[in-house]
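Welcome! Open the model in your viewer, keep the selection tool at hand, and follow the stops below.

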Amino acid sequence: MKTIIDATSLHYRHLNENLRKALAAGATDITVKGVRGQRYICAGFTAERPASLTIEGIPGNDLAAFMNAPLTIRVKGNTQDGVANTMNEGKIVIEGDAGDVSGYSMRGGKLFIGGNAGYRVGIHAKAYRDRAATVVVAGSAQDFFGEYMAGGIMAILGLDRLAGQPIVGSFCATGMHGGTIFIREHIDPRIVGKEAAISELSEGDWRELGVLLDEFATDLARDLSHLNKSEFIKIEPVSGRPYGRLYAY
Amino acid sequence: MTYVSEGRIASGCSVGAFIDRSGRAISGDVVVELMASMRDRATDLGAGYAGYGIYPDLKDFYALHIMYDSPTAQVRTEEMLRSRFAIKRDEVMPTRQVDSIHAAPLLRRYFVRPSHLALAESRLDEEDEFVRRTVMQINAGLEGAFVFSSGKNMGVFKGVGYPEEIAEFFRIGEYDAYCWIAHGRFPTNTPGWWGGAHPFSVLNWSIVHNGEISSYGINRRYLEMMGYRCTLMTDTEVMAYLVDLLVRRHGLPAYLACKVLAPPFWDEIDRMDEPDRQVYESLRIVYGSASVNGPFSIVCGYGRGMFGLNDRIKLRPMIAAEKGDMVYIASEESAIRAIEANPQRVWNPRGGEPVIAQLYEDVAV
């Protein structure tokens with residue numbers, strides 16, 4: 001059953017009330033039209049049943065923050081800051097660009113970005129038992145990508161870049177102490193934090209990344225069959241507890 | 001003056017600005033729509049607007065917008081103005097009654113030119129510097145009087161209230177400008193009072209700011225050595241004076257002035273090729289006390305244009321967009337889309353990398 005919600009001039013509280021009601025009534029395919037900057041859409045949502053949500057327009061900050069629900073949210077345009085902030089479960093597919101601090105402290109679920117990503121994407125992303133934060137960026141990401149990353153998988157593909165646009169900004173993986181970052185370029189090691197090390201992908205890494213890229217390609221209708229293992233590097237932490245001794249005296 | 005609102009509301013500042021590079025004048029209603037769409041970022045503790053090109057019939061006169069907290073302050077200030085300026089026009093600022101806006105100060109504006117005699121006596125051959133010094137003297141020395149706008153063919157309108165309410169109060173929709181800069185305030189460290197609302201302005205400079213300046217003490221002492229007085233109880237004030245010092249008085253291009261405010265890191269400078277390395281090293285050495293530390297996203301208007309700038313690690317939001325002759329800068333993309341649904345280009349500027357947009361060279365305003 002298709003449900004359509006018109007968000008024009010709706011404050012985010014009312015928009016979220018409408019969404020909660022629709023989900024409680026069993027809606028599985030919801031389209032929200034006319035979104036323009038409403039913050040906290042689906043923030044803190046819990047739900048038992050899977051459902052898909054399509055957002056038309058520009059959702060405001062903290063889309064799906066703290067979300068803990070099997071919802072798939074597709075954004076037809078760009079998103080602002082803090083998408084999937086501390087998200088525990090769910091999947092966000094952004095057809096355009098994502099703003100700063102997207103995937104901040106994410107603890108599970110997937111964040112697929114079809115365009116470019118801003119500053120501090122996936123900082124302090126985590127993994128625990130069967131959950132792992134998963135972020136894929138089709139284009140490029142700016143500074144502090146994966147800063148203080150504690151777990152999960154993130155990948156940047158560097159597609160469709162303008163001339164001179166770096167695949168990732170400075171301070172990548174600074175303070176990283178868990179998880180894995182894949183980047184489709186042999187980047188200057190000086191932009192990577194000293195707590196992390198760059199290496200080549202193993203066959204196992206490539207298989208794991210391949211599964212993820214297949215899903216990403218399907219969701220964003222992109223052909224990624226031309227990507228190959230030797231283009232990528234892997235970034236992993238040097239130590240699981242880089243600050244273990246810092247405050248111990 | 002103690003026009004302070006009580007209480008705290010969890011929020012974040014909003015900045016919004018645009019310019020039509022062809023010089024076409026755009027109604028203030030458009031900038032109000034831009035700001036209204038970010039209402040959740042603002043509070044009732046301060047908002048303001050700067051419009052460029054709003055006084056075309058009086059464009060050769062400095063437009064002094066002054067707030068007074070008593071008739072005495074007004075009498076004393078006007079005595080000083082008469083001794084220094086030829087006053088072309090002197091009027092009450094047009095305002096409208098708005099229920100939510102109270103305790104507004106007395107608001108007047110004066111269109112003036114420095115008198116030949118006063119200019120000669122001051123031994124300054126430059127009118128801008130004469131006006132700047134007079135503004136500083138009034139703001140620091142005349143109790144209860146604040147000049148909050150002193151440029152030509154531009155004006156600042158600001159006070160305590162939400163952006164839409166302040167706009168209604170000052171009848172912003174009745175002005176047309178080729179460049180608008182606006183702010184919704186969430187005061188963090190300093191009181192929300194009429195003079196403390198953004199934009200901060202001196203001469204043609206106006207600045208709106210989202211963030212905090214942790215180098216305020218150093219910047220303020222440096223500016224005091226250069227003859228500036230910081231009196232508005234708000235950190236952003238130093239930015240307006242810094243750009244005045246760097247660009248107007250020291251002649252730096254706007255781009256390099258931005259690189260003084262948000263300098264590259266030393267290790268980035270080490271990696272640069274000559275002559276860039278030498279230029280940036282010199283800037284950091286000469287202007288160390290003018291670099292601004294702390295999170296910021298600012299937009300600065302300067303007569304023929306505007307620039308947006310983030311701190312170098314981008315701790316505050318800023319998005320830019322372009323369509324035809326228009327360039328937009330705002331805290332949120334959704335705000336830009338509120339007034340331009342289909343921009344040709346939308347981008348996230350890098351921290352420390354200014355977005356500069358100005359009138360085309362052949363445009364006269």
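Start by selecting strand β12 (residues 205-211) of chain B: seven of its seven residues are buried, so the strand is largely enclosed by the rest of the structure. Here a residue is buried if 20 or more other C-beta atoms lie within 10 Å of its own, exposed if 12 or fewer, and partly exposed in between, with C-beta atoms placed from the backbone. Strands (E, at least two residues) and helices (H or I, at least four) are DSSP runs, numbered from the N terminus.

A word on what you are viewing: this is a predicted model, in which local features need pLDDT of at least 70 and side-chain atom pairs count only at pLDDT 80 or more, while totals for chains, interfaces and linings use all residues. Residues are numbered from 1 along each chain as its sequence is written, and chains are lettered from A and ligands numbered from 1 in the order in which they are written.

**The neighbours of β12(B)**

Which strand is joined to β12(B) by seven bridges? Select β13 (residues 296-302) of chain B, which runs antiparallel to β12(B). Two strands count as paired if DSSP finds at least two bridges between them. Across this pairing, B:H209 stands opposite B:I298.

**Two cis bonds in chain B**

Most residues other than glycine have a negative phi, and most peptide bonds are trans. Go to B:H198 and B:P199: a cis peptide bond joins them, with omega about 0°. B:P199 sits in the loop between β10 (179-184) and β11 (200-202) of chain B. Then jump to B:E274 and B:P275, which are also linked by a cis peptide bond with omega about 0°. This time the loop is the one between α9 (266-270) and α10 (276-286) of chain B, where B:P275 is found.

**Into the core**

Next, select B:W180, B:L242 and B:M306. These are the residues with the most contacts inside the largest nonpolar core, which has 114 residues. Such a core is a set of buried Ala, Val, Leu, Ile, Met, Phe, Trp, Tyr and Cys residues joined through C-beta atoms within 7 Å. Helix α7 (residues 237-249) of chain B gives the largest share of this core, eight residues. Apart from it lies another core, of 76 residues, including A:L15, A:M87, A:Y104 and A:M154.

Leaving out residues up to four places away in sequence, B:M306 touches B:A17, B:I19, B:C179, B:I181, B:V299, B:C300, B:G301 and B:A357. Contact means that the C-beta atoms of two residues, placed from the backbone, lie within 7 Å.

**Chain B as a whole**

Of its 365 residues, 51% count as buried. The C-alpha atoms fill a box of roughly 60 × 45 × 45 Å, taken along the principal axes.

**Over to chain A**

How many residues of chain A are in contact with chain B? Highlight the contact region: 14 residues of chain A meet 15 residues of chain B.

In chain A, select the eleven strands that form an open sheet of mixed pairing, in the order β1-β2-β3-β4-β5-β6-β9-β10-β11-β13-β12. At its edges are β1 (2-6) and β12 (196-199) of chain A, each pairing on one side only. Within this chain, β11(A) pairs with β13 (residues 233-237) in the antiparallel sense over three bridges, and A:F182 has A:K234 in β13(A) as its bridge partner.

Select A:R129, whose phi is near 50°, a positive value in a residue other than glycine. Is A:R129 buried or exposed? With 6 C-beta neighbours inside 10 Å, A:R129 counts as exposed. A:R129 lies in the loop between β7 (127-128) and β8 (131-132) of chain A.

Finish at A:D160, in the loop between β10 (150-156) and β11 (178-183) of chain A. A:D160 has a positive phi of about 55° although it is not a glycine, and with 13 other C-beta atoms within 10 Å it is partly exposed.
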